Amino acid sequence: MINLIEKQIVLLDRIVQVSVCRTECGIQVLIAGGDRSHIGAVSIVDEKSNLISHVFEGHKDYVISDRWAVKLYEHFLVPVVVSAGIHYDEITPDGIKTVIEEMEKLLEEVMAYE
């Protein structure tokens with residue numbers, strides 16, 4: 001059985017969308033938004049809890065994708081794949097902090113779905 005959870009939030013006046021697909025034996029997540037949706041990093045936690053990340057050149061989305069992959073694995077104990085790409089033109093350090101904090105809150109909401 002496949003269970004799909006979709007969330008949309010407004011961060012720094014832009015939409016960020018999260019799509020979580022849960023199967024019996026794994027979770028796949030897409031996080032994208034801001035001024036330009038893209039894939040900046042892909043993080044995988046395998047069945048032995050190993051974290052593997054691929055970060056596309058010039059991107060720092062692994063900060064979110066790594067955190068989501070690890071936390072979802074620890075909570076559900078199944079392999080997890082997270083693709084993330086949130087981009088804001090001319091974002092400030094405070095803006096980055098806000099995005100990370102709000103994405104952490106959204107992660108907690110997603111983990112609450114059993």
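1. How many helices and strands does the protein have? The protein contains two helices and six strands, where helices (H or I, at least four residues) and strands (E, at least two) are DSSP runs numbered from the N terminus. From the N terminus on, the order of elements is β-β-β-β-β-α-β-α.

2. On the basis of the note: the model is predicted, local features need pLDDT of at least 70, side-chain atom pairs count only at pLDDT 80 or more, and totals for chains, interfaces and linings use all residues. Residues are numbered from 1 along each chain as its sequence is written, and side-chain values use heavy atoms, with hydrogens and water left out.

3. Overall dimensions. The radius of gyration is 13 Å, close to the 13 Å that the globule rule gives for 114 residues, so the protein is as compact as a globular protein of that length. This radius is taken over C-alpha atoms, and the rule is 2.2 Å times the number of residues to the power 0.38. Along the principal axes, the C-alpha atoms fill a box of roughly 40 × 25 × 20 Å.

4. Surface and burial. The accessible surface comes to about 6,800 Å², and 53% of it belongs to carbon and sulfur atoms; the areas come from the Shrake-Rupley method with a 1.4 Å probe, and for residues only the protein chains shown count as cover. Of the 114 residues, 38% count as buried. Here buried means under 20% relative accessible area, exposed over 50%, and partly exposed in between (1.4 Å probe, protein chains only).

5. The sheet. Six strands form an open sheet of mixed pairing, in the order β1-β2-β3-β6-β4-β5; two strands pair if DSSP finds at least two bridges between them. Strands β1 and β5 (51-55) stand at the edges with a single partner strand each, so one side of each is left without a neighbour in the sheet. Neighbouring strands are turned by 10° against each other on average, direction ignored. Helix α2 packs on the sheet, touching β1, β2, β3 and β6, and its direction makes about 155° with that of β1. Axes are lines fitted to C-alpha atoms, for helices over the stretch in contact, and angles run from 0 to 180 degrees between N-to-C directions.

6. Strand β6. Of the eight residues of β6 (residues 80-87), six are buried. Eight bridges join β6 to β3 (residues 26-34), and these two strands run parallel. With β4 (residues 41-45), β6 pairs in the antiparallel sense over five bridges. Serine 83 in β6 stands opposite leucine 30 and also opposite valine 42, while valine 81 in β6 stands opposite isoleucine 44.

7. The nonpolar core. The largest such core has 27 residues, of which Val29, Ile31, Trp68, Leu72 and Met103 touch the most other members. At least two residues each come from β1 (3-11), β2 (14-23), β3, α1 (62-76), β6 and α2 (93-112). A nonpolar core is a set of buried Ala, Val, Leu, Ile, Met, Phe, Trp, Tyr and Cys residues joined through side-chain atoms within 4.5 Å. Beyond four places in sequence, isoleucine 31 touches residues including Val16, Trp68, Val82, Ile86 and Met103; contact means heavy atoms within 4.5 Å.

8. Leucine 12. This residue lies in the loop between β1 and β2 and is partly exposed, with a relative accessible area of 34%. Leaving aside neighbours within four places in sequence, leucine 12 is in contact with Tyr88, Ile91, Gly95, Thr98 and Val99.
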